[in-house]
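Reader: I have a model open and some questions about it. Can we go through it piece by piece?

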Amino acid sequence: MTLRAMIDGVPGRTILHVDLDAFFAAVEQRDRPELRGRPVIVGGGPNDRGVVSTASYEARRFGVHSAMPLRTAGRLCPDGVFLPVDGRKYQAASRQVMAILRRFTPAVEQVSIDEAFLDVTGSEALFGDGPAIARRIKSAIQDETGLTASVGVATSKLVAKVASDLRKPDGLVVVEPGGEPGFLAPLSISRLWGVGEQTGRILGELGVRTIGELASIPAEVLVRRLGRHGAELRERALGIDREPVSGGEPAKSVSHEHTFDVDTADQEEIERTLLALSEGVSSRLRTAGIRAGTVGVKVRDATFRTVTRQRTLAEPTDLTEPIWRTALELARPETRGIRVRLLGVAATNLVDREQLGLFPEEDPRRRRAVQAADELRRRFGERAVTRARLLRRPLPEPFERDPRSAVEGRRGVRGVGQAAETGEKERATAGSDGRGSPVEGVDEPPAGEAPEPVDGDESEPEPERDPEP
Ligand code: TTP
Ligand code: MG
Ligand code: MG
């Protein structure tokens, strides 16, 4: 197939990639005008042990960049203004920006706290062509949030992303249809998706440094050295990427629910069940590489009166303990003195992996212990590693669970993918949650929503975009 034919095979799309400039630092400079024009480094103090989350463009001139140890940044830029991470403030700014983007198309795929793809193919009649929409978006973001964004406009996500990164800050780069291979050719292969350390090394051995050089290598050679990945890379080097902008929202909640075989007023049973549900939720969060900013509970009593409560955490988490603690605090006032039919725990306000590298609270030993537990679950299955240790034992204090400790009632546990609503009391339709055996004793998902898989260990993690071969 000729290149032209391959490109013609993709119906013409107009895709934007929008990425905020020096995001965390820009929010700080916006809120404290005395910091504008100064080197600002977000992540902690210059003597702290963590790493830099981001640096303002003024600080980047000193060689400071994301993921660099703060102490190195302190040496490189001793007059820099070092600030702690204020995740809540950045989340609020991020939400504001994403809302602006959704005014231009419903097809907004947020890929991290400060960036998103937009498919504006259908919006052009309303708002003008791709470059016009990009300009409108940039000025709306500037006017309404005081932040600057860089935007790439192209026919694919791949090329739009490369383009948005090319003239930062405050950039606007438009790649005309058909101009993709020429646009990419002089750029370093490190700008392509799927070129990590290993692939980069192999390509280096082939003498390939630029995307143009990559495109000129015969496909057979690339396939011999890199397998199927080699063929994909070559397509990418030519600017071919058919991946759609996923219009829908990313997963909004992870939740597990349990319907008791017999309504219960036993606080200990209720609290243990909340632990099991919290563990299921946290395990799923870890599998997906996300954390929850908000925890909710659902309590349904014997008369089908349903109460939901939710609370935002001080810091997003994917650990059982803080989820369980919050669930207990929320559920206790609602379960006191009533017979409980159903309990649910939901994690909402989800933040993604890219944001996770950043929050410096991480204790690496604890993280390793949790990962070991997850690994055991994956290898042996939930039930093989979780025996009935908790059963008929006093309820332990909240803690991050030992991988071998038990979660009882697992088989009745199932999520319905439903976010908790703040403080709302609703009356459910009687009979909507018929019960029986643990497996059948599961709530019907609301119409149109698929039930989530039983237990975290059975849900496969999303494949990485471009696993190294
Ligand atoms: P980026 O968009 O990668 O970086 P940036 O917005 O700071 O700068 P640029 O102008 O180059 O886009 O990441 C967005 C935010 O995510 C960033 O402001 C801080 C956070 N972050 C980290 O905390 N650690 C990291 O290693 C990276 C890459 C980002
Ligand atoms: Mg950015
Ligand atoms: Mg970004």
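Predicted model: local features only at pLDDT ≥ 70, side-chain atom pairs only at ≥ 80, totals over all residues.

Reader: Which residues of helix 2 are the buried ones?

Author: Phe23, Phe24, Ala25, Ala26, Val27, Glu28 and Gln29.

Reader: Staying with helix 5, how do the axes of helix 5 and helix 7 cross?

Author: At roughly 140 degrees, with the two axes coming within 10 Å; helix 7 covers residues 130-145. That angle is under the antiparallel range, which starts over 145 degrees, so helix 5 counts as oblique to helix 7. The crossing is right-handed.

Reader: Which residues make the contact?

Author: From helix 5, Ala93, Gln96, Val97, Ile100 and Leu101. From helix 7, Ile137, Ala140, Ile141, Glu144 and Thr145. By class, the contact has seven nonpolar, two polar and one charged residues.

Reader: Why would contact positions three or four places apart point the same way?

Author: An α-helix has 3.6 residues a turn, so residues at that spacing point the same way.

Reader: Next pair. How do helix 14 and helix 15 cross?

Author: Helix 14 spans residues 267-288 and helix 15 spans residues 320-335; their axes come within 9 Å and cross at roughly 140 degrees. That makes helix 14 oblique to helix 15, and the crossing is right-handed.

Reader: What makes up that contact?

Author: Helix 14 brings Ile270, Glu271, Leu274, Leu275, Ser278, Glu279, Val281 and Ser282. Helix 15 brings Thr320, Ile323, Trp324, Ala327, Leu328, Ala331 and Thr335. Sorted by class, there are nine nonpolar, four polar and two charged residues.

Reader: I also clicked on Ala276. Where is Ala276, and is it buried or exposed?

Author: Ala276 is in helix 14. It has 25 C-beta neighbours inside 10 Å and therefore counts as buried. The C-alpha atoms of Ala276 and Glu257 are separated by 9.8 Å, with the two residues 19 apart along the chain.

Reader: Backbone geometry now. Which residues does the cis peptide bond join?

Author: Lys168 and Pro169, with omega at about -10 degrees. Pro169 lies in the loop between helix 8 (157-164) and strand 8 (172-174).

Reader: What is the phi of Asp170?

Author: Positive, about 55 degrees, although Asp170 is not a glycine. Asp170 is also found in the loop between helix 8 and strand 8. With 13 C-beta neighbours inside 10 Å, Asp170 counts as partly exposed.

Reader: What about Phe304, where does that lie?

Author: In the loop between strand 10 (291-301) and strand 11 (305-317). Phe304 has a positive phi of about 75 degrees and is not a glycine. Its 16 C-beta neighbours inside 10 Å make Phe304 partly exposed.

Reader: Stepping back, how many helices and strands does the chain have?

Author: The protein chain has 18 helices and 14 strands. Buried residues make up 40% of its 469 residues. Among contacts between residues at least 6 apart in sequence, 68% join residues at least 24 apart.

Reader: What is the mean pLDDT of the chain?

Author: It is 78, and 72% of the residues reach 70 or more. Over residues 1-10 the pLDDT is below 50, and that stretch has eight contacts beyond near neighbours in sequence.

Reader: Where else does pLDDT stay under 50?

Author: Over residues 381-469. The model has 158 contacts beyond four places in sequence for that stretch.

Reader: How should low-pLDDT coordinates be read?

Author: Not in detail, where pLDDT is low.

Key. Residues numbered from 1 in each chain as written. Chains lettered and ligands numbered in written order. Axes fitted to C-alpha atoms, helices over the stretch in contact; angles between N-to-C directions. Helix = DSSP H or I, 4+ residues; strand = E, 2+ residues; numbered from the N terminus. Parallel < 35°, antiparallel > 145°, perpendicular 65-115°, else oblique. Left-handed = near helix turned anticlockwise from the far one by under 90°. Contact = placed C-beta atoms within 7 Å. Nonpolar A, V, L, I, M, F, W, Y, C, P; charged D, E, K, R; others polar. pLDDT = per-residue confidence, 0-100. Buried ≥ 20, exposed ≤ 12 C-beta atoms within 10 Å, placed from the backbone.
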